Structures are given as structure tokens and as C-alpha cells.
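Good morning, everyone, and thank you for making time for this. I would like to walk slowly through one model today, so please have it open before you as I speak.

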Amino acid sequence: MKKWMKKNRKKFFLFTFAVSIMVLSSVSGYARESFANCTNLNGTKMKSVYARGIDVSSHQGIIDWKAVKESGIDFAIIRCGVGMNQFNQDDPQWVNNVRGCEENRIPFGVYLYSYADSVKKAESEAEHVLRLIRGHKLTHPVYYDLEDPYILRHTTPAQRVKIAKKFTGIIKKAGYNTGIFATKNWFENELPTAQFDQWERWVAHWSPVCGYRGIYGMWQATNRGMVSGINGYVDLDYLVVPKPSFSVKNIGKKKGKVRWRPKTRGMKCYIYYSTRKNSGYKKYKTVSAKKGYVNINKKIKSKKKYFFKIRFGKPVTGGVVYGSYTSVKSLKTK
């Protein structure tokens, strides 16, 4: 990243400025469909974006949350603390930030910056979060922030999976949704993809375009955003309709099953089919993306080859923000 920044310093500054201007621009009402029209530095439409927000900690000092709300920001992810369950490791601005969001009706989630190198420490970190969020209504997940170099030096990839499972398991049992925050490099090289696919990803990649090729639901685009109500820079984040992975399997005469990941709440999954691979697709069915599967038992004939593809969509005011189509997969019926 440092090498890229040095080579593209001017481009990155212009991108950051452009993104900041978008955030500072007034938004009429709560017309979320407009977020699908955000463009990056190159003038390219930011596909699949349906909301924009910030993540904050004591580094931003005292925030004027009324001004943040009026600037058009839709959500915030607040750091509640760092490390294990000790009062001196609560974020100094946690109380002010959560109160500011609640008073100004800004949807929020939280994150905890982890130093855990064992399952026992992960358990304490989960208890740290639960102590602080008790009594508050979260709209967005509790994110486990895995980025500190200490973790890399003192754990193996397999241990990181166990640590994440312990933390998220405790949080989920308490009734909260969970996710993992990490950099693009960590998700690609330090956190085993197959195991970490079970959690919602919030990926940090400070670039005009998110280069992470895996499945993710939120993108931290820059650490140099400028938002009314905040003195200095702030991280800017975008909620994205993920591109799912899926499979289709024959399960009997004129029967099949389409399965997908992730099982995403608050979104729809659109299933399309055709007898030709490259054209003629019709909508087979629309269901909640949280379901994770659809049985194929209508509209198809025996001993025939069909092609399927899917995409997710997020219902918003005035319409739907669609994600990208998956690649095509085939089904030969019995």
C-alpha cells in the first residue's frame, strides 16, 4: 500500500477530495437510491452501493453529530473499545458517540479493535463489547477488527479462525449480528477465505475502486474523508450489495436446488434461468437472500439442459439497488 501511495499520491488525493465532496453534498430526504449513482475519480459509476457512512473513534475527538446527520451521512460504525474487558480500554469517546447517534437517529454499529492471541482473550474481548452495548439498539453489526501486527506475530491462520469463532459466537448468542473488519491484504493472505466466508466482511482498501475479489458487504474507501461536524479526517465507508457465490445441483426428476452464499439479511436474491448459455434469461424466482437456497421444480422439463445465474438486490426508497450477476452454471435434468 505504501508503494502504491507513493506512486499515485496525486491521484489518491484527488480521489479522496472527490469522495469527500460527495459526502459533504446535501442529500434531499433519505433517497438512498441516489447512492447507486456515486462515481469514483475516473468518472466510473460505483456499482451496487446503497449507503455511505463513517467509522469513528476517539481519534476524531468530540463530534457534532447533528452536523454529521445534516451532511447526508447514513450510518456510523463506532469503536467501543480495544482489547480485553477492562474499563481503561473503553474508547474515551464511546459514550458521547453512541449518544450522538441515538439523539440524531443515525443508524449505527460498533467495532472492537482486537489484540487477542488466544481464545480466552477473544472471550474477554466479546464480554468487553457486550458490557458497553447493553441497553443500546444496534442497526448494524458488531465488527471484530483484526489488523494489529501483534496478532500476526503471535497466531497462526488456524488460531485466527478459532479466535474469530469464539468472539462472534458469544456476540451472536447475545442476539447481535457480527462481521469481520480487516484490510484487503489480510483477507487475501492472513485470514483463510473458506473459514472466514461465514462472516460478513468489512474490507479496507484505500483506492478509487475496491480491489478485493472476495465477498464483502462494506468497503472502507479512504481514511482521509472530510465530513461536516468532524474536525480533521475520518474514514469513509460504503455499504455494497455483495456478489454471491452459488451452486446448482440435480436432486431428482425435473428437480434441482440452487444454493448461495452469503445468506444476507435485508436483501433479495433474484434467480434467472435459460435454455441458452448467453441469452434468453428469464426470472425464475425472487426470495429473501437470507434463505440461502431455492428448489427448482417448476418451469423446467426432464432431460434438458438449463443455465442459471443469480444476483442480489437491496430494496431502497424508490426502487432496488442491484449487485453484479454471478457467472453462469448449468443443470441437466433427469
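Let me begin with a question: in which strand is the place of T222? T222 belongs to strand β7, which covers residues 218–225. Please keep in mind, as you look at this residue, that what we have here is a predicted model. T222 counts as buried because its relative accessible area is 0%, and the cut-off for buried is under 20%.

The mean pLDDT of the protein is 89, and 87% of its residues reach 70 or more. Over residues 1–7, on the other hand, the pLDDT is below 50, and this stretch has seven contacts in the model beyond near neighbours in sequence. Residues 10–37 also stay under 50 in pLDDT, although the model gives them 62 contacts beyond four places in sequence. Where pLDDT is low, the predicted coordinates should not be read in detail.

Now for the overall picture. The protein has 334 residues, of which 51% count as buried, and its elements are nine helices and 16 strands. Among the contacts with a separation of 6 or more, 64% are between residues 24 or more positions apart. The accessible surface comes to about 16700 Å², and 50% of that belongs to carbon and sulfur atoms.

How do the strands come together, and in what order do they run in the barrel? Eight strands form a closed barrel in the order β1-β2-β3-β4-β5-β6-β7-β8, with mixed pairing. Within this sheet, neighbouring strands are turned by 30° against each other on average, if direction is ignored. Helix α4, residues 94–103, packs on the sheet and touches β1, β2 and β3, while its direction makes about 160° with that of β2.

As one example of pairing, strand β5 (residues 178–183) and strand β6 (residues 200–204) pair in the parallel sense over five bridges, and G179 stands opposite E200 in β6. Strands β2 and β3 also run parallel, joined by six bridges, and here R79 stands opposite Y111 in β3.

Six of its six residues are buried, and so β3 is largely enclosed by the rest of the structure. If you turn the view, you will find F108, V110 and L112 on one side and G109, Y111 and Y113 on the other, all of them buried, so that both faces are covered.

Let me finish with two loop residues.

K304, in the loop between β13 and β14, is partly exposed, with a relative accessible area of 35%. K304 touches T275, L331, K332 and T333, if we do not count residues up to four places away in sequence. With one of these, T333, K304 is 29 residues apart along the chain, and yet their C-alpha atoms are separated by 5.5 Å.

Note on methods: Residues numbered from 1 in each chain as written. Predicted model: local features only at pLDDT ≥ 70, side-chain atom pairs only at ≥ 80, totals over all residues. Heavy atoms only, no water. Helix = DSSP H or I, 4+ residues; strand = E, 2+ residues; numbered from the N terminus. Buried < 20%, exposed > 50% of the residue type's maximum accessible area, 1.4 Å probe, protein only. pLDDT = per-residue confidence, 0-100. Contact = heavy atoms within 4.5 Å. Areas by Shrake-Rupley, 256 points an atom, 1.4 Å probe, with all protein chains shown as cover. Pairing = 2+ DSSP bridges. Axes fitted to C-alpha atoms, helices over the stretch in contact; angles between N-to-C directions.
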